[in-house]
Amino acid sequence: MTTGSESPSSGQKQSGYYTGRETQNYTYTDFTYVRRKRSGHVEEEEVGELNIVPYLDIIVNLIMFLLVVQATLVSLGLIDVTAPSYASLGPSDAQQNPEQQKKQLRLTVGIAREGFYIAASGGVLPGETEEGSGEITEEGVEKRPPTIPLLPDGNYNFAALKARLREIKDWIANEHTELETTGLYVAAEATTPYEVVVKTLDASRDDTRGDLFPAVAFTEIR
Amino acid sequence: MTTQSQESSGPTSYAMYDATRKRRKTKRHRRTSEADIAYLNITPMLDMMTILLVFLLKSFSASSQDVSVENLLLPHSTTKLNIDEALMVMITRDKILVDKRLVTELTPEGLLRPEDLPEGPHGYLVEPLYEILENKAAYFKRIEDFGGTQFVGKIAIVADRQTSYQTIFKVLYTAGRAEFGFFKLFVQKPPG
């Protein structure tokens, strides 16, 4: 097969492009084959591959920046606390439906200097009696020892609080299904640090078996 | 005649001939290796990088609230909830800020000043904070009226770990009075 540069039949020089005319020795396939073969490397250079190296540089720099920032950034979390609903605790509900009011168990965890106090209105918690210790303070208030005293090192016993709340939760679920807890009220002495309050909320939220009392509202001891 | 042609054409001994072959082979091999490196395919690496970048940007936006303020160390908590968009009230060891703007200062003991409590020392309402929060609530309601985000009364409490319960309680009470009834306590998650 001869090249397309010269036509063997006419002897004239050809331009190398297919003109639409078929000569005696050259077919359309020959022309296209020759043209593709000649200009193949040129086409490859023109199309080429997109240079992604600058893009890669930007990506690498961004990743480095984000990794460094994330390492220095404080990981933030959230604790939901809702304001107590006065409507559900008001006398109007009790007048309308006294049975429903009886079933409400208002569970309160008090944080004091001596430890945690767990109290309930609307029911007597397991392991407790309605009568107190009998010791009355000068202000005429009955004095009780804390439900969960401080640890010997002076820290609060959050593990015991968690265990006690689990006990109460099981007691309600198994023995007193007529009782209903809307949530947990947390009260603390005025000087109690916020960190202790947050740790108390953590202890009352859940344990290894599941949720305890995740709905929390703050209240105050007068 | 033969000797002359050998001298002019190449090596004269088998040792030299072998050495030349070896050198040429090494050179050819080196050239081939260089060509391989020149055509290293970096597209899979780029794919991986892009996925990593998207992941980092996503996790970056999830915890991108800036709470870096002087005298403010957040308490640690085991909560699994991520932070939410809300009006931010900060209680540092010496001041109260709303959206990082000073509202009032606290006493050196970290308690509220008597002049900020119009209902007396046992009162709960913190007047300067109430005024600002009331204005904010009115502003958010106006936005809602114009078809913007619905006002639900969410407020983020970013307090120092040593803040007293009394101060926290009074701030929450004041926020509740100003129609911000959904409190979001910002805490620090344990690392990792």
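Strand β2 (residues 106-111) of chain A is mostly covered, with five of its six residues buried. The model is predicted. The whole structure holds 14 salt bridges over all chains.

**Around β2 of chain A**

- β2(A) pairs with strand β3 (residues 115-121) of chain A in the antiparallel sense, over six bridges.
- Three residues separate β2(A) from β3(A), and the two strands form a hairpin.
- β2(A) also pairs with strand β5 (residues 184-188) of chain A, here in the parallel sense and over five bridges.
- Leu107(A) has a bridge partner in each of these strands: Ala120(A) in β3(A) and Leu184(A) in β5(A).
- In a regular strand, side chains alternate between the two faces of the sheet.

**A sheet built from both chains**

- Six strands make an open sheet with mixed pairing, in the order β1(A)-β5(B)-β4(B)-β1(B)-β2(B)-β3(B).
- The edges are β1 (76-82) of chain A and β3 (101-105) of chain B. Each has a single partner strand, so one side of each is left without a neighbour in the sheet.
- On average, neighbouring strands of this sheet are turned by 25° against each other, direction ignored.
- Helix α7 (residues 194-205) of chain A packs on the sheet. Helix α7 touches β1 of chain A as well as β4 and β5 of chain B. Its direction makes about 80° with that of β1(A).
- Within the sheet, strand β4 (residues 154-159) of chain B and strand β5 (residues 182-188) of chain B pair in the parallel sense, over four bridges.
- Lys154(B) has Phe182(B) as its bridge partner in β5(B).

**Salt bridges in chain A**

- Asp170(A) and Arg166(A) form a salt bridge, with the closest N and O atoms 3.5 Å apart.
- Both residues lie in helix α6 (residues 158-174) of chain A. They are four residues apart, about one turn of the helix.
- Arg166(A) has a relative accessible area of 12%. The limit for buried is under 20%, so Arg166(A) counts as buried.
- The pair belongs to a network of salt bridges that links Arg166(A), Asp170(A), Asp207(A) and Arg209(A).

**Salt bridges in chain B: Arg93 and Asp160**

- The side chains of Arg93(B) and Asp160(B) meet in a salt bridge at 3.4 Å, N to O.
- This pair links distant parts of the chain, 67 residues apart. Arg93(B) sits in the loop between β1 (87-91) and β2 (95-98) of chain B. Asp160(B) sits in the loop between β4 and α5 (165-177) of chain B.
- Asp160(B) is buried, at 0% relative accessibility. Arg93(B) is partly exposed, at 41%.

**Salt bridges in chain B: Lys141 and Glu179**

- Lys141(B) and Glu179(B) form a salt bridge, with 2.7 Å between the closest N and O atoms.
- Lys141(B) is in helix α4 of chain B and Glu179(B) is in the loop between α5 and β5 of chain B, so the pair ties together parts that are 38 residues apart in sequence.
- Helix α4 of chain B covers residues 127-145.
- Both partners are partly exposed: Lys141(B) has a relative accessible area of 30%, and Glu179(B) has 45%.
- Neighbours within four places in sequence aside, Lys141(B) is in contact with Phe151(B) and Glu179(B).
- Lys141(B) and Val152(B) are eleven residues apart in sequence, and their C-alpha atoms are 9.4 Å apart in space.

**Surface patch in chain A**

- Ile58(A), Leu62(A) and Phe65(A) form a nonpolar patch on the surface. Together they have about 290 Å² of accessible area.
- Ile58(A) is in helix α2 (residues 53-72) of chain A.

**Positive phi angles in chain B**

- Asp99(B) is not a glycine, yet has a positive phi of about 50°. Asp99(B) lies in the loop between β2 and β3 of chain B.
- Lys100(B) is not a glycine either, and has a positive phi of about 65°. Lys100(B) lies in the loop between β2 and β3 of chain B.
- Asp99(B) is partly exposed, with a relative accessible area of 38%. Lys100(B) is partly exposed too, with 39%.

Key. Residues numbered from 1 in each chain as written. Chains lettered and ligands numbered in written order. Predicted model: local features only at pLDDT ≥ 70, side-chain atom pairs only at ≥ 80, totals over all residues. Heavy atoms only, no water. Pairing = 2+ DSSP bridges. Axes fitted to C-alpha atoms, helices over the stretch in contact; angles between N-to-C directions. Contact = heavy atoms within 4.5 Å. Patch = residues over 30% accessible without salt bridge, like charges linked within 9 Å, V, L, I, M, F, W, Y side chains within 5 Å. Areas by Shrake-Rupley, 256 points an atom, 1.4 Å probe, with all protein chains shown as cover. Salt bridge = Lys/Arg side-chain N within 4 Å of Asp/Glu carboxyl O. Buried < 20%, exposed > 50% of the residue type's maximum accessible area, 1.4 Å probe, protein only.
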